[in-house]
Amino acid sequence: MIQYPRRHFMIDLETMGLKPTSAIVSIGCTFFNQTEILDQFHQPITLQSCLDAGLTQDQSTVEWWSRQSVDARSSWDNENAVDLNEGLLRFVHFLRLHSSEKTCCPWGNGSDFDIVLLVNAFDKIGADAPWKFYNHHCFRTMKNVFQVGDVPRTGTYHSAIDDAITQTKHLHRILNTYSIQLT
Ligand SMILES: [Mg+2]
């Protein structure tokens, strides 16, 4: 049985591929309600620790990253990066500041991307996902079904936290424009 109120988190990952097994080099996440971003989390993760844990990288994505801005790359390739275990631990800590396992609603950009990669990464370190599968939410579906035009961009493209903030603001515009109540 779902416990209310649900707690909503917009997640964006920077990764080394598009497969469910892909290495996660950065986690960006906002905690938000109907109208506001209430807290945010950003954690770079070392690529080597992902590969050591058995996550994968796609050559095409590695090459794609080499063509992105220095700001985008340095949003995860920096001295704050921790290993995968520690990064996921910190992420769970952030979620648990604001939610329980049953009230936690993660939003990903695509029904088959961010959340699926995270569930796989948790599995690789021997942990369960910190939410119930029935609370998975898809921002991309909302964006495509409820059109609101161009939404102003926040920060750097492909910085996980800036992408998560921009997605949250886009969702807020959808909720406001179409009078949708977040439950
Ligand atoms: Mg991104």
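Is Cys104 buried or exposed, and at what relative accessibility? Select Cys104: its relative accessibility is 0%, so Cys104 counts as buried (buried means under 20% relative accessible area, exposed over 50%, partly exposed in between, with a 1.4 Å probe and protein chains only).

Before going on, note that this is a predicted model, in which local features need pLDDT of at least 70 and side-chain atom pairs count only at pLDDT 80 or more, while totals for chains, interfaces and linings use all residues. Residues are numbered from 1 along each chain as its sequence is written, and side-chain values use heavy atoms, with hydrogens and water left out.

Cys104 is in no disulfide, and the nearest cysteine sulfur, in Cys105, lies 6.9 Å away. Now select Cys138. The closest cysteine sulfur to that of Cys138 is in Cys105, at 14 Å, which is too far for a bond. Cys138 also counts as buried, because its relative accessibility is 16%.

**The sheet**

Switch to a cartoon view and colour the strands (DSSP runs of E, at least two residues; helices are runs of H or I, at least four residues; both are numbered from the N terminus). Strands pair if DSSP finds at least two bridges between them. The order S3-S2-S1-S4-S5 describes an open sheet of 5 strands with mixed pairing. S3 and S5 are the edge strands, each pairing on one side only.

Select S1, residues 7–15: 8 of its 9 residues are buried. On one side, S1 runs parallel to S4 (residues 104–108), joined by 4 bridges; find Phe9 and, opposite in S4, Pro106. S1 also pairs with S2 (residues 24–32), in the antiparallel sense and over 8 bridges. Here Glu14 faces Ser26 of S2.

Move on to S2 and S3, an antiparallel pair with 7 bridges. Phe31 has Asp39 in S3 as its bridge partner.

**Helix H4**

Select residues 84–98. H4 has 15 residues and spans 22 Å from first C-alpha to last, close to the 21 Å expected at 1.5 Å a residue (the expected span is 1.5 Å times one less than the number of residues). Its buried residues are Leu84, Gly87, Leu88, Phe91, Phe94, Leu95 and His98. Viewed down the axis of H4, these buried residues fall within an arc of 115°, so they line one face of the helix (the arc is that of the directions from the helix axis to the C-beta atoms). An α-helix has 3.6 residues a turn, so residues three or four places apart point the same way. Turn to the other side of H4 to find Leu89, His93 and Leu97 exposed.

What do the buried residues of H4 pack against? Their partners are S1, S2, S3, H1 (47–52), S4 and H5 (114–124), contact meaning heavy atoms within 4.5 Å. At the start of H4, show Asp83: one of its side-chain oxygens comes within 3.3 Å of the backbone nitrogen of Asn85.

Next, show H5. Its buried residues include Asp114, Ile115, Leu117 and Phe122. Among the elements covering the buried residues of H5 are S1, H4 and S5 (137–138). Just after H5, Gly126 has a positive phi of about 80°.

Finish at Thr61 in H2 (residues 59–66). Thr61 is buried, its relative accessible area being 10%. Leaving out residues up to four places away in sequence, Thr61 touches Thr15, Met16, Gly17 and Leu18.

Definitions and conventions
Disulfide = S-S within 2.5 Å. Polar contact = N/O pair within 3.5 Å; in protein donor to acceptor, adjacent residues only side chain to side chain.
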